Amino acid sequence: MPNSPTRPGAPDTVLQVSPLLPALESALGERFRTVRLFELPDPDAYLRAHGGEVAAAVTSARTGVSDALMDALPRLGAIVHFGVGHETTDVVRARVRGIDVSNTPDVLTDCVADLAVGALIDVVRRLSAADRYVRAGAWGAAPFPLADRVSGKRVGILGLGRIGRAVARRLEGFGADLAYCTRTPVPGVTHRHLPSAEALAEACDALVVTVAGGRGTRGLVSAKVLDALGPAGYLVNVARGSVVDEPALVAAVTEGRIAGAALDVFADEPHVPPALLASDRVVLLPHIASATHETRAAMGDLALRNLQRFMTEGTLLTPVPDRPAH
Ligand code: NAP
Ligand code: 8YV
């Protein structure tokens with residue numbers, strides 16, 4: 001049973017843990033007694049004096065709610081994430097405390113899948129590299145080197161959840177030969193299921209990473225997996241930087257042990273390893289897979305509706321599922 005704010009004498013402060021979409025921030029300010037923790041000169045002093053007044057916390061998928069913050073909020077009933085990833089919050093720990101947790105699934109799936117396919121085409125056909133070549137005035141001197149074909153490629157999808165399946169649907173239109181890896185085969189999916197990331201990498205020309213982040217998938221794309229992908233293979237990561245062993249990736253790219261990588265996420269954002277910045281074999285994106293006007297508005301709206309529902313009825317619209325993804 002979650003800690004409901006509808007109890008007599010219950011707290012009603014909403015704690016905004018991190019900066020959020022401006023429209024969401026305005027709505028929070030208009031509808032709730034909202035405290036912006038990240039702007040306070042002394043957040044610890046605030047928490048000591050007023051932590052017991054906080055009913056719900058709103059946070060980004062990237063920031064979550066740390067264990068220490070959870071501990072400072074004895075009457076917290078809900079953690080509302082802006083974003084689908086929630087590995088920055090210990091959901092099991094929250095559940096033990098009677099705290100419900102929500103995220104924003106589905107509304108971002110199409111945009112993230114669009115970007116994954118765009119990034120795949122970019123790195124395989126070398127679109128960004130060709131753009132740099134034209135801008136550098138190199139076109140007149142020599143023809144741009146031939147790239148690899150996208151249509152008909154063998155593509156492995158690591159994690160066939162909402163986003164992975166949307167990537168698969170798009171790639172079917174490219175005549176891709178698809179395989180995937182999840183802990184449990186997905187019922188009704190006819191693409192080949194492979195039991196490990198390494199087996200999947202071995203069987204494909206391009207590996208698209210769409211698994212959940214967190215402890216359970218940390219370093220899943222290891223040096224061995226990259227070697228299984230091989231010198232003609234491409235990596236696309238739109239999941240989390242933690243899923244890929246980044247030093248191993250840097251080594252594989254710079255030594256030519258994989259053909260290239262397209263990355264929307266990194267181990268220590270916004271820091272990108274200098275060797276990747278210097279490489280023409282990689283496409284580097286600043287964590288923008290869900291960053292469209294339409295999708296961010298839909299994410300903000302869903303986060304707000306979760307919070308509204310909790311503050312009025314003590315339940316959430318899109319609670320994260322019971323089975324921990326990490
Ligand atoms: P989802 O529906 O929960 O899918 C997660 C998938 O990961 C499931 O198929 C799950 O299958 C699989 N998985 C989990 N642990 C695994 C493991 N150890 N080995 C293999 N597969 C594993 O989540 P989603 O909505 O598709 O989102 C996926 C992730 O994308 C999010 O968690 C987030 O980190 C990332 N994301 C990134 C951006 C961005 O801006 N770049 C935007 C949105 C989301 P099993 O449980 O059967 O293993
Ligand atoms: C956001 C994301 O960029 O939903 C997620 O898990 O990674 C992205 O949609 C971001 O995390 C919002 O906080």
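Ala, Val, Leu, Ile, Met, Phe, Trp, Tyr, Cys and Pro count here as nonpolar, Asp, Glu, Lys and Arg as charged, and the others, Gly among them, as polar. The views show a predicted model, in which local features need pLDDT of at least 70 and side-chain atom pairs count only at pLDDT 80 or more, while totals for chains, interfaces and linings use all residues. Residues are numbered from 1 along each chain as its sequence is written, chains are lettered from A and ligands numbered from 1 in the order in which they are written, and side-chain values use heavy atoms, with hydrogens and water left out.

**View 1. The shell around ligand 1.** Ligand 1 is surrounded by 30 residues, each with a heavy atom within 4 Å of the ligand. The closest are Gly 161, Arg 162, Ile 163, Arg 183 and Asp 264. By class, the shell has 14 nonpolar, 11 polar and five charged residues.

**View 2. Polar contacts of ligand 1.** A polar contact is a pair of N or O atoms within 3.5 Å; within protein, one must be able to donate a hydrogen and the other to accept it, and residues adjacent in sequence count only if both atoms are side-chain atoms. A polar backbone atom of Leu 160 is 3.1 Å from an oxygen atom of ligand 1. A nitrogen atom of the ligand is 3.0 Å from a polar backbone atom of Val 238. The side chain of His 287 places an N or O atom 3.2 Å from a ligand oxygen. Alone, ligand 1 exposes 910 Å², and the protein buries 88% of that (Shrake-Rupley method, 1.4 Å probe; for residues, only the protein chains shown count as cover).

**View 3. Ligand 2 and its surroundings.** 13 residues surround ligand 2. Val 84, Gly 85, Arg 240, His 287 and Ser 290 are the closest. The shell has five nonpolar, five polar and three charged residues. Backbone polar atoms of Ala 61 and Phe 82 each lie 3.1 Å from an oxygen atom of the ligand. An N or O atom in the side chain of Arg 240 is 2.7 Å from a ligand oxygen. The protein covers 92% of the 330 Å² of accessible area that ligand 2 has on its own.

View 4. Domain 1 spans 13-106 + 294-313, and domain 2 spans 109-284; the bounds come from an automatic or database domain assignment. Their centres, taken over C-alpha atoms, are 32 Å apart. Nine residues of domain 1 are in contact with eight of domain 2 (heavy atoms within 4.5 Å). About 650 Å² is buried between the domains, 45% of it from carbon and sulfur atoms. Buried area is the accessible area (1.4 Å probe) that two parts lose on being put together, summed over both. Glu 87, Asp 106 and Thr 295 supply 60% of the area that domain 1 buries against domain 2.

**View 5. The salt bridge between the domains.** One salt bridge is counted between domain 1 and domain 2 (a side-chain nitrogen of Lys or Arg within 4 Å of a carboxyl oxygen of Asp or Glu). The side chains of Glu 87 and Arg 240 meet in a salt bridge at 2.6 Å, N to O.
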